Amino acid sequence: MKQKDEKLKKILIIDDDEDIISLIRIILENENYTVIGALSGDEGIKYALKEKPDLILLDIMMPGTDGWEVMKMLHTDEKTRKIPVAMLTCKTDVRDKLTGLQEGAIDYITKPFSPEELITRVNKIFKILT
Ligand SMILES: [Mg+2]
């Protein structure tokens, strides 16, 4: 179901894989979400501060500042701590999933995902938040 709100929800994707960002962008823009992409943790934090996204999709495995560090930085900054974060990873390790939820992730999306799964999860997150 496409969002009908006048105000479009803004989603920031932080992932070092350009193809993943492009793919998610196509899927979510088609659902009328506004999508911003960041190719590194540091860039992601910058965009989170500047763009005030409604949701962040955060890859765990990234060179440099990885997803866990990004999550910690977002949560310790007053200006970004309330932005919900869903972890995005190809790891299917259950322990990682638990850690993600303990660190305060609102959801955990495992790559590869189908467009339908991504849309369903993102819509559900916004449903929970409103
Ligand atoms: Mg990665």
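Modeller: Happy to! Let's start at Asp59, which touches Ile14, Asp15, Asp16, Gly67, Leu88 and Thr89 once residues up to four places away in sequence are set aside. Please keep in mind that this is a predicted model. Asp59 belongs to strand β3, which spans residues 55-59. Asp59 counts as buried because it has 26 C-beta neighbours inside 10 Å, and the cut-off for that label is 20 or more. There is also a note from a record: an unreviewed UniProt entry lists Asp59 for "modified residue: 4-aspartylphosphate".

Now step back to Leu58. Leaving out residues up to four places away in sequence, Leu58 touches Ile14, Gly67, Val70, Met71, Val85, Met87 and Leu88. Leu58 is also among the residues with the most contacts inside the largest nonpolar core, along with Ile11, Ile13, Ile56 and Leu57. That core has 27 residues. The elements that give two or more residues to it are β1 (10-14), α1, β2 (34-38), α2 (41-51), β3, α3 (67-76), β4 (85-89) and α5 (115-129).

In general, an α-helix has 3.6 residues a turn, so residues three or four places apart point the same way.

Ile24 is buried, since 24 other C-beta atoms lie within 10 Å. Beyond its neighbours within four places in sequence, Ile24 is in contact with Ile13, Val35, Leu57 and Leu118. The pair Ile24 and Leu118 is 94 residues apart in sequence, yet their C-alpha atoms are 8.2 Å apart in space.

Finally, here is the whole chain around these spots. It has five helices and five strands, and along the sequence they follow the pattern β-α-β-α-β-α-β-α-β-α. Of the 130 residues in the chain, 28% are buried. Among contacts with a separation of 6 or more, 59% join residues 24 or more positions apart.

Conventions:
Residues are numbered from 1 along each chain as its sequence is written. This is a predicted model: local features need pLDDT of at least 70, side-chain atom pairs count only at pLDDT 80 or more; totals for chains, interfaces and linings use all residues. Helices (H or I, at least four residues) and strands (E, at least two) are DSSP runs, numbered from the N terminus. A residue is buried if 20 or more other C-beta atoms lie within 10 Å of its own, exposed if 12 or fewer, and partly exposed in between; C-beta atoms are placed from the backbone. Two residues are in contact if their C-beta atoms, placed from the backbone, lie within 7 Å. UniProt positions are given in the numbering used here, feature names are shortened, and annotations may be inferred rather than shown by experiment. A nonpolar core is a set of buried Ala, Val, Leu, Ile, Met, Phe, Trp, Tyr and Cys residues joined through C-beta atoms within 7 Å.
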